[in-house]
Amino acid sequence: MNVLVVESNPKAISLLSSALRAEFGAKVHVEKHGTPGTAYISENPMLDLVVVRSINPSPDHNAEETARIVLNYIYDNELTCKVLVLGEFEAAGFEYAHLPERFKVSDFTTLVRKTLGITLEKLKELKLGDYIPIDIQNFYVMNKAPCDTYIKLARSTGDQYVKRIHSGDEFDKAAIQKYEAQGVKELHIPTDQKNHFLEAQLKQYLGSITDITKPEPVLVELRSDAYDINKTLINNTGVTEQMILMSQASIKAMAQSVVQNKKLGGLLKNILNNKGSFAYKHSYLISVFASAVMPKLEWSEKKQFEANVERITFAAFFHDILLTEEKHIRIRNKLDLYQAKLEAKEKDLVLEHAHNMATFIHEMKHAPRGAEQIIREHHGMRNGIGFAEVYTSSLGAMSIMFIVLEDFVSSLLDFKEKGLTIKEILENMNETYQLPSYRKIIAALQEALTDSF
Ligand SMILES: [Fe+2]
Ligand SMILES: [Fe+2]
């Protein structure tokens, strides 16, 4: 947005310019008098608005009717740019916005917005400036640039945007990681391309994870990258349409791979050896083991199997997504929490993550029934706050299964550090869980493991 301010008072100039820049991201040009003002107008046909003081002291120390000069010029030349006049002024037959001599900055910006017909949504975009940053990891799940993509160079003269990827250019994750290795954390795209970018990202991601020619390790890495992107999205912008669509696609792909891959051993080896974050792996493995365990449980009917896998996968995908750090995800009881020595804010985040995520899910359309309860209860508390001292059987059957499996999966992922065998892990778990409803899950897990190894 381009604005010309015709004003001679230095204080007013700085006040108006900074309000226009801060509120609208506007490019502001200043002239002190009518004649240079109209010269600027004639040279800049893309001008959106002229803010003009009604009367300015003229160069020969007389009063200059600046607003009248500007309005006459605009009318004579049939220009479309809007005019906002400040101070005592009346001119019949002209169209202009007007503020009195003294005004509040908020009145000024509101009037600018109304004069230019800027909606609140558009205002948000304007404030962002011409380019918006996109976390570089977002490009991992993509292979073609939907728009020109820039890197930002901070120069003493202001930020400079240099085009690095042209619209339509193809790239891969390795190429993106080269930028990262050079310290680039964000790439920039034109602000008005944001929706187009997000749509393309989703489309390309969907195309990749449903591409059956891609080997499993590549798919695991892709899903893990998508999980990490969603984690950043939800923590930065909350639940958005984009996040929901992308996570739905991930969950579907995860659930499908779990159901299709009959051999637990192979699946396990794949995920343990593949690239991917701890956060993603622990979520995925809960869903893998749930699909192996459920057929052994009397409450899980065969015909509901796929729906149950989807429910558990959904819960597994989201249950810890609010936790940004691996060390937070690893906290599974009060002792862990104590030993982690967290700052108060981090501690609250950990204590409340189950409750907060369940609340999110409650508001999300199309969430599978029952997923909210599993997420709320995944640390053994019915209200989703804190960690259970003793596990009770007052939780939902699927929540109990989730708790037991998450415990197992966590030990499994620590295999390299702790070196416990599967047998030892199960023995430890039989000590932790005394209630029959929990023991049943451990027994079913044991059975499933014996079947597959
Ligand atoms: Fe977890
Ligand atoms: Fe958790």
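This is a predicted model: local features need pLDDT of at least 70, side-chain atom pairs count only at pLDDT 80 or more; totals for chains, interfaces and linings use all residues.
Residues are numbered from 1 along each chain as its sequence is written. Ligands are numbered from 1 in the order in which they are written.

Donors are N, O and S atoms within 2.8 Å of the metal (3.2 Å for Na, K and Ca); water is not among the atoms, so sites may look incomplete. D320 sits in the loop between α12 and α13 and E406 in helix α17 (residues 397-413), so the pair ties together parts 86 residues apart in sequence. Helices are DSSP runs (H or I, at least four residues), numbered from the N terminus. D320 and E406 are both buried, that is, under 20% relative accessible area (1.4 Å probe, protein chains only).

The iron ion (ligand 2) is coordinated by D320 (OD), H353 (NE2), H378 (NE2) and H379 (NE2). The distances are 2.1 to 2.2 Å. D320 bridges the iron ion (ligand 2) and the iron ion (ligand 1), which lie 4.0 Å apart. H353 belongs to helix α15 (residues 344-363) and D320 to the loop between α12 (305-318) and α13 (326-329), so this pair ties together parts 33 residues apart in sequence. H353 is buried, as is D320.

Key:
Side-chain values use heavy atoms; hydrogens and water are left out. Helices (H or I, at least four residues) and strands (E, at least two) are DSSP runs, numbered from the N terminus. Buried means under 20% relative accessible area, exposed over 50%, partly exposed in between (1.4 Å probe, protein chains only).
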